[in-house]
Amino acid sequence: MPELPEVETIRRALEPELVGRRLRHPWAFASPKFTPALLADDVRVVHVRRRAKYLLLGLHDDHELVVHLGMTGTVHLGEAIDDGYVRARWALDDDRTLTFRDVRRFGRLRVVPTGDYRTIPTLATAGPEPFDPEFDGAHLYAAVKQSRRHVKTQLLAQRAVAGLGNIYADEALWLARVNPAVRTLTRRQADALAEAIVEALGDGVRNGGTTLRDYRTVDGETGRNQHHLHAYGRAGQTCDRCSTELQSRVLDARTTTWCPTCQRR
DNA sequence: GTGATAACCTGCTCGC
DNA sequence: TGCGAGCAGGTTATCA
């Protein structure tokens, strides 16, 4: 499930390869989620950016190709792939092929005027990037205070901070010793959680992302961060801090793992 | 406006 | 061995 570190890893690999290249002869799987790919035709790529979990390919005609990888989306650059899971494809002017592959079809593609994300609500309302100076404990405290939803659900909603998914939300909450089901934070908890979010996502980027099943880099390699997880997917195992058995429950339709001792309510 | 929930989608795992 | 049920989860739409 590509979150900020996985998308950023893909962005860093694509940027030097795609900027200046021309997208040609687009093909798209017959679904409204993917047919916008056809709008990016015979146009040069001018930048490769990321916002939250979205990949933004700037096009020379003042538009952006917005890519969301969904649950199982991957981007491949090189030889053409055709295995039944390809959802979009472009020929490049250097004879390579840019392929968007997505088994579960939770991903989506859009072409919008550069910077105009009104048709993509989550992107339009996304909170600050975790590595921006404006994101800190004070911001997180104020953002969480505006809602009565569980704190983990607020992290996943992308408004308090952009880029977190289920894996890194569990990890950040574990690092900050915050129970996922609380609905309010003290200022001290907010400071700790903001710091933990930056640490969890930073580690994820440095480790090239987390591969549990589907995620691959542009080169087809797996990430390494799955070897460094403390909470996500470790229910029934012992806490790395206190050796208590980690617990798991479904919280707002998301499997959530936490330490009942370190992350006491 | 906010919160809760269903739907989308397919491979994998588990139980029978 | 084969089948069916349940699960995984990011985003959007819908309803209360």
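DNA strand B is surrounded by 9 residues, the closest being Tyr 85, Arg 105, Phe 106, Ser 147 and Arg 148; a residue is near a strand if one of its heavy atoms lies within 4 Å of it. Of the atoms of DNA strand B that come within 4 Å of the protein, 68% belong to sugar and phosphate. This is a predicted model, in which local features need pLDDT of at least 70 and side-chain atom pairs count only at pLDDT 80 or more, while totals for chains, interfaces and linings use all residues. Residues are numbered from 1 along each chain as its sequence is written, chains are lettered from A, and side-chain values use heavy atoms, with hydrogens and water left out.

The surface near DNA strand B divides into 3 nonpolar, 1 polar and 5 charged residues. Here Ala, Val, Leu, Ile, Met, Phe, Trp, Tyr, Cys and Pro count as nonpolar, Asp, Glu, Lys and Arg as charged, and the others, Gly among them, as polar.

| Residue | N or O atom in | Distance to a phosphate oxygen of DNA strand B |
|---|---|---|
| Ser 147 | side chain | 2.9 Å |
| Arg 148 | backbone | 2.8 Å |
| Arg 149 | side chain | 3.2 Å |

Elsewhere, helix 3 (residues 137-145) packs with helix 6 (residues 187-206) at an angle of about 115°, the axes being 8 Å apart. The two helices are therefore roughly perpendicular, a term for angles of 65 to 115 degrees. Contact (heavy atoms within 4.5 Å) involves Gly 137, Ala 138, Leu 140 and Tyr 141 of helix 3, and residues of helix 6 including Arg 187, Asp 191 and Ile 197. The residues of this contact comprise 7 nonpolar, 1 polar and 2 charged.

Conventions. Axes fitted to C-alpha atoms, helices over the stretch in contact; angles between N-to-C directions. Helix = DSSP H or I, 4+ residues; strand = E, 2+ residues; numbered from the N terminus. Parallel < 35°, antiparallel > 145°, perpendicular 65-115°, else oblique. Polar contact = N/O pair within 3.5 Å; in protein donor to acceptor, adjacent residues only side chain to side chain.
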